[in-house]
Protein chains: 2
Amino acid sequence: MTIEAGATFMNDATPARDDVRNRLLAKMSVQDWALLAPHLEDITLKERQVVEVPNKPITHVYFVETGVVSVVAVNAEDHRIEVGVIGKEGMTGTPLVFGDDRAQHSAYMQIGGSGKRIAAPAFVAAIGQSPSLRALVLKSAQAFMIQTAHTALANGRAKLEERLARWLLMAHDRLDSDAVPLTHEFLAVMLGVRRAGVTVALHSFERRGLIAARRGQLTLINRTGIEEVAGSFYGIPETERKRLMGETL
Amino acid sequence: MTIEAGATFMNDATPARDDVRNRLLAKMSVQDWALLAPHLEDITLKERQVVEVPNKPITHVYFVETGVVSVVAVNAEDHRIEVGVIGKEGMTGTPLVFGDDRAQHSAYMQIGGSGKRIAAPAFVAAIGQSPSLRALVLKSAQAFMIQTAHTALANGRAKLEERLARWLLMAHDRLDSDAVPLTHEFLAVMLGVRRAGVTVALHSFERRGLIAARRGQLTLINRTGIEEVAGSFYGIPETERKRLMGETL
DNA sequence: CGAATCCCGTACGCTTCCGTACTGAAATAA
DNA sequence: TTATTTCAGTACGGAAGCGTACGGGATTCG
């Protein structure tokens, strides 16, 4: 690991900005970065690590850099389904942006990785202080909301294969490799379908040369082909996020 | 119609506050009300009247007082499904709260009624000026977001009868009578199912004494029974809204 | 290295809901 | 009043996906 020249005029605790891979952190103004940086903490995010628990206070906001967070809505009878994913393009803890201190949903690392986090009070103070920072996180929250709406659409109207393709594409957008380290079981939980249904659908993908599968891992081979399977159920949240946040996903 | 004493010290264009039935307008501080009131316009909201068009600028924010708005997500292949409903508890135009000027979804009156509206620029100016007003509409936006997430859950996991019961309850919460003036066709569009499927399900409800049905109209008879049908797919967004906004729904 | 566990492949009967379509009754328009 | 349109009731074959379950291979644990 090399020492970054850009970090020389900052104190030891402040992470260097040049190697920040979270898009929100990278995109904000230097002033806003300066506001957050002293409170940011580098963190490893292991798979299945819980970042938010429903109806519990949010302790930290996580800026993911590698890996994927699943946000899962749960009801009283323990029915559950994923309502959104978060990766390097976004952040967790959107209720804080709305002035609430509690998590609505369950959120945990679906694919392990790393990132930075900030304690909730420091985050709230920062967005209270900087209108431009608040505007940025509001847009990010809106982008997430659009994703949730289209998840509702896909859940109600798309077939299993279409929804599975959509999920793979959303994960792929957030990963640096074509390999998705996940079991069929977890894909099934996220989509709210049978594990066996996922197995059959992935088989079909594999036979068509769209993916390669190994135990606990699958690799995208023909992304365009997967996009064709997902059809119009994939894409709108992605273009809307680009419109709202700028060209970087 | 009697002349309200409370209106005497306001100018002619300013609606009297006492008879405001929209919960958000009724709940805000006098200062925030004074900020909005001069720009509020009484309006009749006929059924099927369009209030937002996807990808088009939002012209007005609507504060519904009677009737119900459907917010419907649409994709490129014209698949569509309702992602939320808005009545007297809320407002349309949430993207404006996030700093965006465009509608994501289609929004129209599913059940006709009336309300007040304000031109988008005046609304944006007001929330820019008053932090307390901004906080209020942010919480309302969050409540809507929770509703959307649970719609995604219901779409993915609930059966037709459960989803239909959920919809009826959400509509009933927003109406002043037990009569829901809607055809099976429109219920089907909102739920993303067949019209014939809705007919059969409503029949079952009727046989069980939960509702009474006439052409283009159905009446809730046993709300508790309908709640039992919806099970845990109904309720969380409602209690969360109460928590966020205070005891009034 | 053997045992226990995890993950995937596959199967079968069953439920739910779709696509489609025809009918008659009710409401509306002429 | 008659014609037209809208809405609800019903039907049938079929697709999609569920619940369940069993076996075998891969991986991990002791």
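Predicted model: local features only at pLDDT ≥ 70, side-chain atom pairs only at ≥ 80, totals over all residues.
Residues are numbered from 1 along each chain as its sequence is written, chains are lettered from A and ligands numbered from 1 in the order in which they are written, and side-chain values use heavy atoms, leaving out hydrogens and water.

**View 1. The two domains of chain A.** Chain A splits into domain 1 (5-137) and domain 2 (155-245), with bounds from an automatic or database domain assignment. Contact (heavy atoms within 4.5 Å) involves 19 residues from domain 1 of chain A and 18 residues from domain 2 of chain A. Taken over C-alpha atoms, the centres of these two domains sit 25 Å apart.

View 2. Three salt bridges are counted between domain 1 and domain 2 of chain A; each is a side-chain nitrogen of Lys or Arg within 4 Å of a carboxyl oxygen of Asp or Glu. A:Glu89 and A:Arg174 pair up in a salt bridge through their side chains, at 3.0 Å, N to O. On the domain 1 side of chain A, β4(A) gives the largest share of what touches domain 2, with five residues. Strands like this are DSSP runs (E, at least two residues), and helices are too (H or I, at least four), numbered from the N terminus.

**View 3. Around DNA strand C.** There are 17 residues around DNA strand C, and A:Arg195, A:Arg215, A:Gly216, B:Leu160 and B:Arg194 come nearest. Sugar and phosphate make up 56% of the atoms of DNA strand C that come within 4 Å of the protein. Near means that a heavy atom of the residue lies within 4 Å of the strand. Helix α8 (residues 195-207) of chain A gives the most to the surface near DNA strand C, four residues.

**View 4. Base and phosphate oxygens of DNA strand C.** An N or O atom in the side chain of A:Arg195 is 2.9 Å from a base oxygen of DNA strand C.

Methods: Polar contact = N/O pair within 3.5 Å; in protein donor to acceptor, adjacent residues only side chain to side chain.
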